[in-house]
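Please look over the sequence and the structure shown below before reading further. The explanation that follows goes from whole chains to single residues.

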Amino acid sequence: MQGTLEAPAHSRSLLGSSRGRTKRIVVYATIIFYLFVVLLPLYWMVRSSIAENDQMYGTTIEFFPKKFTLAQFDAAINKWKFGLFLSNSVAVGLVTTILTTVMATLAAYSLVRLRFPGRAALARSVLFVYLIPGGLLFIPLFMIMQRLGLLNSQLALVVSYQTFAIPFCTWMLIGYFKGIPPEMEEAAQIDGASRLQSMFLVLLPMAAPGLVAAAVFTFTLAWNEFLFALVFITSESFRTLPVGLAGLIRGDIYLWGPMMAGSVLAAVPVMVLYTLANRMLVQGLAAGAVKG
Amino acid sequence: MSVSGAVLRRTRYNDMTARHKEWVLGYAMLVPAFFFIVGLIAYPAAWAMYLSFTDKVIGQPEKFVGFQNYVWLTQWPNFGGMIWNTLLLAVVGVALKAFVGMTMALALNEQFVGRTVIRALLFLPWTVPAFVAGLIWRWMYDDQNGLFNWALMGMGLIGEPISWLGTTTWAMPAVMSVVIWKGFPFFAIAYLAGMQAIPSEQYEAAEVDGASAWQRFLYITLPGLRHVMLITCMLSLIWTANTFDLVFIMTRGGPSNATEVFTMLIYEQGIRNGRIGEASTAAMMAMPVFAGLIIILTRYLQDKDEERA
């Protein structure tokens, strides 16, 4: 599992071995250039979150500031309601993830292990539905939320997030369940276990890493979602992080310090989770794409 | 004979009931997920189609107006510009992401010190939430205190600050730079995985035959990556054509519609102006394009999946 992205020890070179030195220089130069491009914005976010205001605005900007402060974090949390947005985001993310994972697990098991008419078409529709962009759906969803009286409540977000969370999570779990040989479950059923028992007691424990990865990704999808959160929530007290933070962009006052502090707090947990769980997703994608 | 016949019949009968039981269980387990899928995707999509033929405004009853919205939208002065912006962002953005991702994957496929750590670092933009990426870059592009103007002026390359996000020349390239920064690691990951699945014998044989590095790339690496390239490009095309949060945070479609993409138009019309009919029409006109892309991609992925099994 872990090794798939590693090149084998005897890794061949794409660029030839005859001119080894030139090649190595090109490779290192490319890597250094990309490292710079990738890390510069991230450095600037972190720097701006701990720099003092006089090093951010005006003529005294320093690339490496000599003094640091936690005042930007303090302002983000205590003055600009970051704590509130954070707790809203956590609540919406957790409820969405739990609901989605349960429903997606049932659906994926059914689509992978059970045989019934229409199964293939339904499995295909899951992927189809996942790819439908939210930009096409938010107007009618807005109308539905209005009709259901859910506008401006966190329930509107939990419900609307199912539109991408369920298909995504189901699709991921389908791939994962397929990779687990059914023999163990069949053995359990011969020994008298029911279908559901064999699923809960045999398959799901084996699929635990896949379930965790699917849940993590579902959570980050909800955590990062911007459009529905912008449209369905109108009062500040229900805002989630993305819209709450973006709301600090105000014409004449500069709030970039607190905004960058908020960005650090919003991005770091997701970046850590993603980096840890990324292999799973890439593998699913690569397995489908590469081995064809 | 008669005994085994009875057994056979019994088994067949049991098979039948077992099979029907499996059907029932199979459908039952799909009910919760598909309740949401149908209720929140199929039903709204159908409703949007109906609304696109009405003059619906938030808070007022609608009436049927035929193709009036479609005519209005196509005659809207910035209609062509909006389509151009969306296409530009999606097509050029995806092409550049694919190019940068390919060069990075080629470099990462080589042996060098600290490769594992560097690879993890280079993939970081993919893990950054889009709204955070938008905020960071908007701050770096800031005309008064942004990093870019500060650095360029410090180096004496420009005399006075450039209003990156406030001029029609620079706004689209600025937005696109973020789209590329955030998106290219996805391509690099996929291409790297694809490169490592190409059997090394092919390269050895080519080298024996005297193929140059460029020839090996052209005749072995590229063909070996064609499935990955097709899938990543199509996925990314769908996502990028649907960009909203980056544009909203960085420019809100401005200045003077220079970055107005179709999602911004739908938002402005539908939510800001409350004109649901026109907004639904814009969504409906984009629908066939996305549906076509999605159908092709879904078919393709499914076929690959069946080949694998």
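## From chains to residues

Of the 309 residues of chain B, 40% count as buried. The model described here is a predicted one, and its values are computed from the atoms. In secondary structure, chain B has 14 helices and 0 strands. Its pattern, followed along the sequence, is therefore written α-α-α-α-α-α-α-α-α-α-α-α-α-α.

How spread out is chain B? Its radius of gyration is 27 Å, well over the 19 Å that the globule rule gives for 309 residues, so chain B is more spread out than a compact globule. The C-alpha trace of chain B spans about 100 × 75 × 30 Å along its principal axes. The domain assignment of chain B gives domain 1 (1-37) and domain 2 (79-259). Between the C-alpha centres of domain 1 of chain B and domain 2 of chain B there are 51 Å. Among the contacts in chain B with a separation of 6 or more, 70% are accounted for by residues 24 or more positions apart.

Chain A may be described in the same terms. Chain A contains 12 helices and 0 strands, and its pattern along the sequence reads α-α-α-α-α-α-α-α-α-α-α-α. Of the 292 residues in chain A, 47% are buried. Residues 24 or more positions apart make up 76% of the contacts in chain A with a separation of 6 or more.

The next topic is how the chains meet. In this model, 84 residues of chain A are in contact with 89 residues of chain B. Which element of chain A gives the most to the side that touches chain B? That element is helix α12 (residues 256-290) of chain A, with 17 residues. By residue type, the side of chain A that touches chain B divides into 62 nonpolar, 17 polar and 5 charged residues.

Attention now turns to the interior. In soluble globular proteins, nonpolar side chains tend to be buried together. The largest nonpolar core in this model has 165 residues, and those with the most contacts inside it are Ala33(B), Ala188(B) and Tyr191(B). Helix α8 (residues 168-196) of chain B gives the most to this core, with 18 residues. When its neighbours within four places in sequence are left aside, Ala188(B) is in contact with Gly101(B), Met104(B), Ala105(B), Leu108(B) and Leu122(B).

Is Ala208(A) buried or exposed? Ala208(A) has 9 other C-beta atoms within 10 Å and is exposed, because a residue counts as exposed at 12 or fewer. Apart from its neighbours within four places in sequence, Val216(A) is in contact with Leu273(A) and Ala277(A).

Separation in sequence and separation in space can be set side by side for each of these residues. Val216(A) and Pro140(A) are 76 residues apart in sequence, and from C-alpha to C-alpha they are 28 Å apart in space. Ala208(A) and Ala187(A) are 21 residues apart in sequence and 20 Å apart in space, again from C-alpha to C-alpha.

Terms used. Residues numbered from 1 in each chain as written. Chains lettered and ligands numbered in written order. Predicted model: local features only at pLDDT ≥ 70, side-chain atom pairs only at ≥ 80, totals over all residues. Contact = placed C-beta atoms within 7 Å. Helix = DSSP H or I, 4+ residues; strand = E, 2+ residues; numbered from the N terminus. Rg over C-alpha atoms; globule rule 2.2 N^0.38 Å. Buried ≥ 20, exposed ≤ 12 C-beta atoms within 10 Å, placed from the backbone. Nonpolar A, V, L, I, M, F, W, Y, C, P; charged D, E, K, R; others polar. Domains from an automatic or database assignment. Core = buried A, V, L, I, M, F, W, Y, C linked by C-beta atoms within 7 Å.
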